[in-house]
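Let's take a walk through this protein, starting with its strands and ending with its sulfur links. Keep the picture open while you read.

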Amino acid sequence: MIGRISVVLLVLVGVTEACNYAFMRDGARCDRENNCTYGCHKYRCWSECNGICCLTTDCFTGDNLKCAPSCSIPEWCYLEGDHWDGYVECNQNSECSKDNKEKFPGDYRCGSTCTA
């Protein structure tokens with residue numbers, strides 16, 4: 001029994017390790033491909049980003065957003081889209097995934113500054 005609990009705990013720790021827990025505890029989602037937490041706030045899509053951490057880590061691959069798992073500063077930005085004001089509208093966290101090609105037909109990137 002204890003062996004099974006240990007395995008489950010190790011799996012859970014491994015699943016959440018890549019994204020910032022500070023954001024995830026508020027119900028945001030984790031994208032394991034780019035290590036960024038994302039969600040919906042005030043009807044706009046946002047994503048974790050690394051502004052200060054980019055001074056010491058490789059945060060970008062081309063134009064697409066990528067988050068450094070070693071960054072301990074919870075920074076975020078509103079995501080850029082095709083809406084008239086440049087932001088992406090939403091009602092729930094799941095709408096803000098980079099896999100949502102309706103909302104993000106091009107690159108998945110910040111439309112505002114990355115801020116703590």
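In which sense do S1 and S2 pair, and over how many bridges? They pair in the antiparallel sense, over 3 bridges. Keep in mind that this is a predicted model.

**The sheet**

Those two strands belong to an open sheet of 4 strands, in the order S1-S2-S3-S6, with antiparallel pairing. At the edges you'll find strand S1 (29-31) and strand S6 (75-78), each of which pairs on one side only. On average, neighbouring strands of this sheet are turned by 30° against each other, direction ignored.

Now go across the sheet, pair by pair. S2 and S3 pair in the antiparallel sense over 4 bridges, and here Cys40 stands opposite Cys45 in S3. The hairpin of S2 and S3 has 2 residues between the strands, and in this hairpin Lys42 takes a positive phi near 50°. Another 4 bridges join S3 to S6, which run antiparallel. Trp46 stands opposite Tyr78 in S6.

Is S3 mostly covered or mostly open? Mostly covered: 5 of its 6 residues are buried.

**The cores**

Next, look at the nonpolar residues. The largest nonpolar core has 14 residues, and Cys45, Leu65, Leu79, Cys90, Cys96, Phe104 and Tyr108 touch the most other members. Two elements give two or more residues to this core: strand S2 (36-41) and strand S3 (44-49). S2 gives the most, with 3 residues. There's also a second, separate core of 5 residues, which includes Phe23, Ala28, Trp46 and Tyr78.

**A cluster of rings**

Tyr78 turns up again among the aromatic rings. A pair of aromatic rings is described by the distance of the centres and the angle of the planes. The model has 3 aromatic pairs. Trp76 and Tyr78 form one that is edge-to-face, at 4.9 Å centre to centre with 85° between the planes. Tyr78 and Tyr87 form a tilted pair, at 5.4 Å centre to centre with 55° between the planes. Ring pairs link Trp76, Tyr78 and Tyr87 into a cluster.

How covered are these rings? Tyr78 counts as buried because its relative accessibility is 15%, under the 20% cut-off. Tyr87, at 19%, counts as buried too. Trp76 is partly exposed, with a relative accessible area of 22%.

**The sulfur links**

Finally, the disulfides: the count comes to 4. Here are three of them, including how far apart the partners are along the chain.

| Disulfide | S to S | About the S-S bond | Apart in the chain |
|---|---|---|---|
| Cys45 and Cys96 | 2.2 Å | -80°, left-handed | 51 residues |
| Cys49 and Cys114 | 2.0 Å | 110°, right-handed | 65 residues |
| Cys77 and Cys110 | 2.0 Å | about -75°, left-handed | 33 residues |

Take the link of Cys49 and Cys114: Cys49 lies in strand S3 and Cys114 in the segment after S6, so the pair ties together parts that are 65 residues apart in sequence. Cys45 is in strand S3 and Cys96 in the segment after S6. Cys77 sits in strand S6, with Cys110 in the segment after S6.

Which of these cysteines are buried? Cys45 counts as buried at 0% relative accessibility, and Cys96 does as well, at 0%. Cys49 is buried, with a relative accessible area of 2%, whereas Cys114 is partly exposed at 26%. Cys77 counts as buried at 1%, while Cys110 is partly exposed, with a relative accessible area of 22%.

Technical notes:
Residues are numbered from 1 along each chain as its sequence is written. This is a predicted model: local features need pLDDT of at least 70, side-chain atom pairs count only at pLDDT 80 or more; totals for chains, interfaces and linings use all residues. Side-chain values use heavy atoms; hydrogens and water are left out. A nonpolar core is a set of buried Ala, Val, Leu, Ile, Met, Phe, Trp, Tyr and Cys residues joined through side-chain atoms within 4.5 Å. Buried means under 20% relative accessible area, exposed over 50%, partly exposed in between (1.4 Å probe, protein chains only). Two strands pair if DSSP finds at least two bridges between them. Axes are lines fitted to C-alpha atoms, for helices over the stretch in contact, and angles run from 0 to 180 degrees between N-to-C directions. Rings of Phe, Tyr and Trp (its six-membered ring) pair if their centres lie within 6.5 Å; planes under 30 degrees apart count as stacked, over 60 as edge-to-face and the rest as tilted. A disulfide is a pair of cysteine sulfur atoms within 2.5 Å.
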